[in-house]
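This briefing walks through selected features of the structure shown below, beginning with a pair of helices and moving on to the sheets and the chain contact. Please keep the 3D view open while reading.

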Amino acid sequence: MSGLTANADAFLAREAVLLHQAVFGFAAPKEVVSQYVDAVSRHPDDARVAVDMVRIADLLLDAEAIEIALRLRSRQNSLTRKFHVMCYLCETRPEYYRRFVCEDTRFVRGFLSLAFHTFRTAYKLLKGRYLLWKYDVLG
Amino acid sequence: MSSAEIIIVGSGAAGVAAAYQLRDRDVLVLDVGFRPEPDSLSGNLYDLRKTRRDLLADLLGSDFEGLHNVFNAYLSPKLKNPHMRFVTRDWQTLSPIVAENFDAVMSFAMGGLANAWGAGVYRYNDDDLRGFPIKAHDLDPYFDALTKKVGVSGRADALEPFFGSSQGLLPPLQLDRMGRAILGRYEKKTRELANRGLFIGRPRVAVLSQDHDGRSGYGYEALEFFKPHVPAIYTPAFTLTEMVCKREVRYAPGHLVTGFQETPSGVTAFATQLSTGNKVVFSCRKLILAAGALNSAKIVLGSEHDFERTLPLLDNAVSYIPLVDPSKIGASQESRFFSGVSLNAVYSGPLHQEPVQMSIYGMSGTLRSDFLFDFPLSVRANIAAAKFLTPAMVIVQLFYPDDPRPGNCMQLLPSGALKLKYEPRACVRIERHLVRAFRLLGLLGSHRLCRYLAPGNSFHYAGALPMRENPEGQYETDRYGRLNEKQHVYIADAASFPRLPSKNYTFAMMANAMRIADRVRGSLA
């Protein structure tokens, strides 16, 4: 492996940890990280809106907030793509099954969860817009 | 030079139906014929997802093919999944297309695009055949024969006036929870909804609800988005394999047919042998083109070396309406269900000049990630929404009819590529009305959330070589599919459909191919 590739892979691994933490709230398993590196490096980063992931990681910015603010502006952005890849990879793994699939009927919890997440999205959207204004994270 | 009495080009729904009808003759099917790779998927989708740690390759692919829609233009979830990629394998290389406003997809697989179809089978009636030089009674005997051969599940209900005879149907498939709820409510409000032009019923699907003709009934394992050739779900590849095993027809995969020439005694077909790149020649008395509407047209234009002429292009416009049943939010995920069409609906009222057919699907047959970012929420919220809303959601898929228009056409370029041009028409949309009508069934939605797919995404291409009572020029066919100004060349696929009704065309195309095959048989005598 050339030094350049190793460097790129190392950064993609750092990116995977950041995105996984933002979505699931805990550290990414090693296997998910390596799958993420493999998946992203196989696809060209040709999104209409490029995002400076190094800056987001260096400044420990809220990637989830930036993503929703960006997505509502342009869905074709690299941050949404990367979150999407992470979700796909995790959804195929049994340890994430209950995060994606409702196994037991929970009407009240379902409604409360949706209500909570709607308000949380509004907060994240405002925060994301602020972060986009304050920090230059678009490539 | 190899020869046969009849050569059929293509092994999709039309080609195999024609071959089946001619199986007592000397028939050779020429085809590229990609087949699926073996897979390790068996059991129930949700049981597998809960327990198996090595599903990545089966669900996303070892080359991450399942991530196609993250990085590329939209492809239907079924076609993008790794074990289904054989259906569209190499089509851009084998038959390049230059398209304006048209997302074309072709198949060079054994069985064609019907390897990944929704299996909806609908009889064209006289209303559907408006503009055709044939009537429903011309197709009815073939519909009956196909119903018996293929095995069609369904029943007589509110949709029978649109779908035609229910004779010979197998019992309908079991409904999932949402399907039961919608149908139950519909039966209490039938009249009110009829006043709004909305009719709902069980689908007619080529999926076996019980064992039939040597194939097992459907096991409700919900794997059909990921696993090809589930025995209960019909694909023409089954019939072709059966006929080849019985030595009723000969099958020559690995051949890309590029053109033909009529001779005094029949036809010479030219092909490229894909394994060697060599040009090979076949001779026959009759040639039946059933390579798909785009490819058949390309072969005809290529045979005439015609790079000037434009031919008509038809495609059903498609839209999706997402609807939620609030009473099912937070319901547990069913694991045993059919992930294809759950119910059908038809709008027949004053807002649209002819009936518009709809398919109603649940959302649980694919990965949640396939539609995760369609929710307008943050990533974590999208996952929660997918978890709690999916069992409460349905998608209503609408197909609009299409008629030939001057701007919508195809042309063969000197490079060998097919140029497609399609201008979406400003047609009357009925989604807003339907959203209000479905509200009576407890399903909530908004026309603002409707998704209108780019032209080409119905995969229902047609119209290039239309059949006419009195065909004119070299690019129309007579009512029996015979290419005008040719004596021995027939078009058996939807290239010969002069217009597209809303109804899914596959079953009508198969019946028509059998009708044309009978004519070919008669002409040999």
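Helix H1 of chain B passes helix H15 of chain B in a right-handed crossing. The two helices, H1(B) with residues 13–21 and H15(B) with residues 506–524, pack at an angle of about 40°, and their axes are 8 Å apart. The model is a predicted one, and local features are reported where pLDDT is at least 70.

**The H1–H15 packing in chain B**

- On the H1(B) side the contact is made by B:Ala13, B:Ala14, B:Ala17, B:Ala18 and B:Gln21, while the residues they meet in H15(B) include B:Met509, B:Met510, B:Ala513 and B:Ala517.

**Strand E1 and its partners**

- Helix H1(B) also belongs to a right-handed β-α-β unit, which it makes together with strands E1(B) and E2(B).
- Strand E1(B), residues 2–9, runs parallel to strand E8(B), residues 279–289, and seven bridges join the two; within this pairing, B:Lys286 in E8(B) is the bridge partner of B:Ile6.
- Strand E1(B) is likewise parallel to strand E2(B), residues 27–30, to which four bridges join it, and here B:Val9 stands opposite B:Leu30.

**The six-stranded sheet**

- Six strands of chain B form an open sheet in the order E4-E12-E13-E14-E11-E17, and their pairing is antiparallel.
- Strands E4 (198–201) and E17 (451–452) of chain B stand at the edges, and because each has a single partner strand, one side of each is left without a neighbour in the sheet.
- Within this sheet, strands E13(B), residues 356–362, and E14(B), residues 393–400, run antiparallel and are joined by six bridges, with B:Ile360 standing opposite B:Val396 of E14(B).
- Helix H9 of chain B, residues 177–188, lies across strands E4, E12, E13 and E14 of chain B, and runs at about 35° to E12(B), which spans residues 341–347.

**The four-stranded sheet**

- A further open sheet in chain B has four strands in the order E3-E16-E15-E9, with mixed pairing.
- Its edges are strands E3 (97–100) and E9 (310–312) of chain B, each of which has a single partner strand, so one side of each is left without a neighbour in the sheet.
- Neighbouring strands of this sheet are turned against each other by 20° on average, with direction ignored.
- Strand E3(B) runs parallel to strand E16(B), residues 418–421, and four bridges join them; B:Ala99 stands opposite B:Leu420 in E16(B).
- Helix H12 of chain B, residues 293–303, lies across strands E9, E15 and E16 of chain B, running at about 45° to E15(B), which spans residues 409–412.

**The contact between chains A and B**

- Chain B contributes 37 residues to the contact, and chain A contributes 39 residues.
- On the side of chain B that touches chain A, the elements giving two or more residues are helices H2 (45–51), H3 (56–59), H4 (68–71) and H13 (379–389) of chain B.
- Helix H13(B) gives the most to this side of chain B, with nine residues.
- The residues on the side of chain B that touches chain A divide into 22 nonpolar, seven polar and eight charged.

Technical notes: Residues are numbered from 1 along each chain as its sequence is written. Chains are lettered from A and ligands numbered from 1 in the order in which they are written. This is a predicted model: local features need pLDDT of at least 70, side-chain atom pairs count only at pLDDT 80 or more; totals for chains, interfaces and linings use all residues. Two strands pair if DSSP finds at least two bridges between them. Two residues are in contact if their C-beta atoms, placed from the backbone, lie within 7 Å. Axes are lines fitted to C-alpha atoms, for helices over the stretch in contact, and angles run from 0 to 180 degrees between N-to-C directions. Ala, Val, Leu, Ile, Met, Phe, Trp, Tyr, Cys and Pro count as nonpolar, Asp, Glu, Lys and Arg as charged, and the others, Gly among them, as polar. A crossover is right-handed if, with the strands pointing away from the viewer, the path from the first strand over the helix to the second runs clockwise. A crossing is left-handed if the near helix is turned anticlockwise from the far one by less than a right angle, and right-handed if clockwise.
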